[in-house]
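Dear colleague,

Please find the structure below.

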Protein chains: 2
Amino acid sequence: MVRIALGQIDPTVGDLQGNVDRMIAWTARATEARADLIAFPELAITGYPPEDLVLRDAFVQDNLEALHRLARETSGGATVLTGFVDRSEAGLHNAAGVLSGGDVIARYRKIKLPNYGVFDERRTFTAGTEPGGVRLAGTDLGISICEDAWTPGPPFDAYAQAGTPVVLNINGSPYHRGKAGEREEICRARALETGAWLVYVNMVGGQDELVFDGGSIVVAPDGSVRHRASRFAEDLLLVDIDGELSSADDRPAWVTEPQEVYRALELGLRDYVVKNGFTEVCLGLSGGVDSAFVATLAADALGPDAVRGVAMPSRYSSPESLEDARELATRLAIRFDVLEIDPAFRAYLETLAGPFAGTAPGLAEENLQARVRGNLLMALSNRFGCLVLATGNKSENAVGYATLYGDMAGGLAPIKDVPKTLVYELVRWRNAQGPGEGPIPQRTVTKPPSAELRPEQKDTDSLPPYDVLDPLIEAYVEEDGSPEEIVAEGADPVLVERVIAMIDRAEHKRRQSAPGIKITPKAFGRDRRMPITNRYLHDPVRPVPPRTTGPA
Amino acid sequence: MVRIALGQIDPTVGDLQGNVDRMIAWTARATEARADLIAFPELAITGYPPEDLVLRDAFVQDNLEALHRLARETSGGATVLTGFVDRSEAGLHNAAGVLSGGDVIARYRKIKLPNYGVFDERRTFTAGTEPGGVRLAGTDLGISICEDAWTPGPPFDAYAQAGTPVVLNINGSPYHRGKAGEREEICRARALETGAWLVYVNMVGGQDELVFDGGSIVVAPDGSVRHRASRFAEDLLLVDIDGELSSADDRPAWVTEPQEVYRALELGLRDYVVKNGFTEVCLGLSGGVDSAFVATLAADALGPDAVRGVAMPSRYSSPESLEDARELATRLAIRFDVLEIDPAFRAYLETLAGPFAGTAPGLAEENLQARVRGNLLMALSNRFGCLVLATGNKSENAVGYATLYGDMAGGLAPIKDVPKTLVYELVRWRNAQGPGEGPIPQRTVTKPPSAELRPEQKDTDSLPPYDVLDPLIEAYVEEDGSPEEIVAEGADPVLVERVIAMIDRAEHKRRQSAPGIKITPKAFGRDRRMPITNRYLHDPVRPVPPRTTGPA
């Protein structure tokens with residue numbers, strides 16, 4: 001019988017010392033529990049993804065020294081399997097090291113390097129070619145890393161041929177909706193093909209735009225999932241494998257949507273704030289559903305004392321909006337301030353009276369109001385050190401219904417990858433958790449969305465209803481559908497053309513947006529690398545009309 | 001004898017129709033000049049780099065149809081070699097097609113796919129494996145694409161073995177300082193090894209952050225460069241190869257630095273503005289050297305009528321600054337407005353009086369002033385459709401000596417990759433071109449740099465002198481040097497630590513900065529992919545201090 005500990009930890013990118021300290025402490029726990037081996041996630045030494053830090057020789061050297069320190073300081077305990085950056089004559093490798101008796105006794109180099117979506121591994125790493133493993137307690141353990149398990153072939157074919165009874169797979173596998181199910185499927189497929197136990201160890205925690213959701217699993221050779229570690233939290237899971245599994249799965253069942261998305265956002269927000277050394281966040285509260293949701297998320301993630309809400313009513317804001325913002329703050333027990341934007345707005349209009357003479361008011365005035373709000377929040381950030389949260393959602397971000405340097409201002413945009421219709425769903429779920437009727441006032445949820453930047457403005461003046469818009473965004477952005485394909489699914493051709501043009505022309509805005517937490521299969525940003533200068537789908541004979549920078 | 005036309009054109013990404021129209025017109029010119037073949041750049045059908053557009057099936061299909069239209073519409077003329085996205089069972093390919101008689105008569109698929117620096121080709125393309133070519137006028141012509149020529153091996157080894165007398169190499173090779181020399185060296189090496197003429201055809205024009213500088217060349221089998229096309233402009237170069245070269249090189253000699261950098265910036269700025277459908281730009285004129293230089297560049301690139309300068313003095317601005325800004329505008333003959341920032345600034349301070357009560361003025365007040373300026377420019381952009389130019393340089397961008405949503409606001413940051421010391425060098429060069437003593441007032445050049453956001457402020461209050469700072473930035477950013485290595489070169493250890501911390505902690509600002517034109521071997525942005533959350537080189541025991549968002 002071999003006892004394996006799954007060390008589902010939350011490392012920090014670049015924190016070589018802290019990550020090793022954490023692994024030393026967890027190895028001591030595993031040793032105490034008489035584990036033969038503890039497996040940590042992919043690149044747990046450096047954090048994942050280390051990106052171009054790996055291109056610095058000194059960083060690679062420091063990571064190797066950190067690996068050797070981990071080996072030395074765990075020498076009396078359980079064998080350790082951990083991820084690190086290895087170096088060979090062929091180049092750098094995304095590698096796994098087996099540490100025992102103070103030494104690195106075996107190495108495995110990732111064979112399949114993902115270079116799609118958010119991944120750039122062929123940029124920095126050279127692929128390995130050989131299987132690898134270690135024999136412990138009379139049991140052969142094969143080693144693999146993340147992407148290695150996503151398709152048949154090496155190294156699993158070698159483990160199948162050798163009859164290796166257990167294969168370890170260490171991961172830095174980021175979350176998106178439905179990912180846990182995909183992972184189970186590929187793990188089941190590999191276990192069945194290989195005829196081996198598959199021990200899948202994932203990372204947990206937030207790193208910039210990515211959330212690692214944990215959810216480590218153990219799959220039997222018959223393809224059944226036997227153990228599930230926690231999701232969205234660190235976890236040390238112990239399993240005994242001896243032909244059969246002699247340990248019991250005692251973790252609670254995994255949460256499902258929409259709670260799952262909520263937990264991902266909460267973890268992503270908390271880790272971004274904490275790992276960057278902030279202790280407080282601030283955000284504008286408009287009385288609308290997006291800001292109410294982000295405030296709730298932040299209060300849940302960081303505690304209400306760490307959240308500062310600021311209502312910044314305009315001359316066009318309804319009194320109800322201010323009331324709803326205040327009510328939300330009261331229910332969340334977060335700090336609440338009211339700052340008027342009209343004095344600064346009026347000052348701008350006076351200053352601009354000369355150049356604006358004889359022109360009709362429009363987008364410029366709307367955007368100015370949004371930018372006064374952005375500036376006030378940034379001033380609070382500069383003075384008090386709070387991280388500004390931008391509250392825009394994916395639907396707005398897609399079509400550019402947002403003001404650069406205005407409501408887009410902030411250090412983090414937590415719901416940037418959450419479509420508006422999903423925001424509503426998450427709000428309903430969260431309110432159902434209470435206390436009472438929940439933190440978000442009913443009127444906030446039921447009133448028609450509005451930027452309140454001109455009289456009687458509604459989002460639907462400029463956009464189709466969100467339940468019409470969101471499926472179009474999904475079809476064009478996430479599925480790369482052509483206008484023809486989207487129309488063939490039943491959408492209105494004129495609307496499709498308009499929405500696609502809006503999406504394409506907002507690329508310059510998205511390029512300057514705050515980082516957001518990826519929760520869909522394709523987020524804006526490194527997941528979708530589109531040129532700003534791009535005439536595809538626009539009539540090349542007719543020049544592209546000048547783009548606006550605000551709503552509409 | 002074979003007569004080859006080098007079609008050094010400026011395509012636009014996504015403009016399949018426009019790019020093909022251009023190639024049809026150029027092929028007619030080459031046919032008229034009795035060329036046997038005209039060679040266009042890499043991916044000339046789609047523009048380069050098409051990035052994730054290639055992941056859309058419809059885009060690839062449309063590009064294939066565009067290729068066939070080009071074949072049809074040039075069927076009576078010279079043979080065409082052009083770049084396109086090919087599709088096979090193995091995947092998508094960065095390919096070259098030979099078009100003759102209305103058909104695609106040969107295809108070549110790029111073997112070496114760059115996936116470093118600004119390049120992500122393995123993200124979208126599958127590598128080819130075979131050499132390819134065409135026989136014309138009794139001469140075998142081998143084909144290769146860009147990166148294929150950067151190292152020995154396939155396909156050049158096959159051409160050497162076959163005794164192929166001429167190898168065509170089509171490129172989308174972006175500019176950086178010194179790149180033209182690097183290219184000549186690798187072309188000479190390949191020509192010598194292969195024993196063949198090398199016809200190197202590059203693209204010209206700006207695409208987002210990249211500038212393609214043209215500079216196509218013809219290299220003899222003895223490694224000597226025999227022909228040079230223009231740089232920074234479209235060019236149709238005709239060469240006759242018949243064992244020897246029977247055509248004469250009649251192009252003017254290439255420009256050298258600093259003029260070369262100036263031309264690159266000019267082209268990058270012009271193409272960004274024009275290809276995105278703008279006809280006017282606006283920018284703040286502080287009286288300082290950066291904004292004076294960007295205004296000059298814009299006036300040279302677009303004509304003075306397309307440039308709108310706005311002085312926005314603060315309570316801390318010296319009268320000389322305003323005079324110098326006005327003098328610059330007069331000399332450039334650009335539009336000039338003065339907008340006061342103090343009314344809006346005062347309104348902000350009154351609005352913030354409550355939350356700011358009992359705190360000392362500082363960074364928040366400095367940044368507010370910068371942000372009032374950003375907002376005023378964006379208001380002009382919203383009202384009049386001018387593209388805002390941000391005027392920050394690489395030195396400021398590196399250490400974060402800039403205000404997010406303030407002086408960093410804009411659609412394009414032309415000198416974002418130009419270190420401050422190089423800005424001075426470019427200014428001296430440009431002034432020497434006249435008229436008279438040049439556009440930039442002497443006082444602008446000689447006075448100590450200052451943000452003028454508090455009394456008596458100088459850049460050197462917060463930063464080392466730029467001639468000390470710039471080499472440190474180059475060592476850390478462009479050369480990935482470690483603190484130890486940089487200190488070993490003779491730098492002050494305390495200063496090195498401070499500068500590196502500033503650079504690392506400004507990553508969140510750079511992530512929201514406007515696109516800029518790459519002119520150094522490593523620009524910020526896709527060229528250098530660093531995590532925001534990053535504890536490397538920071539003491540992990542001591543939390544990272546909250547980061548500021550403004551100067552200092």
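**Findings**

Just after α16(B), B:D480 adopts a positive phi of about 55°. Please bear in mind throughout that this is a predicted model.

Helix α16 of chain B spans residues 466-478. Its buried residues are B:Y466, B:L469, B:D470, B:L472, B:I473, B:A475, B:Y476, B:V477 and B:E478. Against which elements do the buried residues of α16(B) pack? They pack against five helices of chain B, namely α12 (394-399), α13 (420-432), α15 (459-462), α17 (483-488) and α18 (493-505).

**Backbone features elsewhere**

Two cis peptide bonds in chain B should be noted. One joins B:E257 and B:P258, with omega at about 0°; B:P258 lies in the loop between β15 (244-245) and α6 of chain B. Another joins B:G434 and B:P435, again with omega of about 0°. B:P435 is placed in the loop between α13 and α14 (442-446) of chain B, and α13 is also one of the helices that the buried residues of α16(B) pack against.

Positive phi values also occur at two further residues. A:L43, a residue other than glycine, has a phi near 45° and is found in the loop between β2 (37-39) and α2 (57-73) of chain A. Is A:L43 buried or exposed? Its relative accessibility is 0%, so A:L43 counts as buried. B:A333, likewise not a glycine, has a phi near 60°. This residue sits in the loop between α8 (319-332) and β18 (335-338) of chain B. B:A333 counts as partly exposed because its relative accessibility is 48%.

**Relation of the two chains**

**The interface**

Chain B contributes 93 residues to the contact, and chain A contributes 93 residues. Of the interface residues of chain B, 100% are also interface residues in chain A, so the copies meet through the same surface. Between them the chains bury about 8300 Å², of which 53% is on carbon and sulfur atoms. On the side of chain B, the residues that lose the most area to chain A are B:R56, B:R383 and B:Y536, which together account for 10% of what that side buries.

Several helices of chain B each supply at least two residues of the side that touches chain A, including α1 (16-32), α2 (57-73), α6 (259-275) and α9 (342-351). The helix that gives the most to this side is α11(B), with 15 residues. By class, the side of chain B that touches chain A consists of 46 nonpolar, 23 polar and 24 charged residues.

With kind regards

Definitions and conventions:
Residues numbered from 1 in each chain as written. Chains lettered and ligands numbered in written order. Predicted model: local features only at pLDDT ≥ 70, side-chain atom pairs only at ≥ 80, totals over all residues. Heavy atoms only, no water. Contact = heavy atoms within 4.5 Å. Buried area = accessible area lost by both parts, 1.4 Å probe. Helix = DSSP H or I, 4+ residues; strand = E, 2+ residues; numbered from the N terminus. Nonpolar A, V, L, I, M, F, W, Y, C, P; charged D, E, K, R; others polar. Buried < 20%, exposed > 50% of the residue type's maximum accessible area, 1.4 Å probe, protein only.
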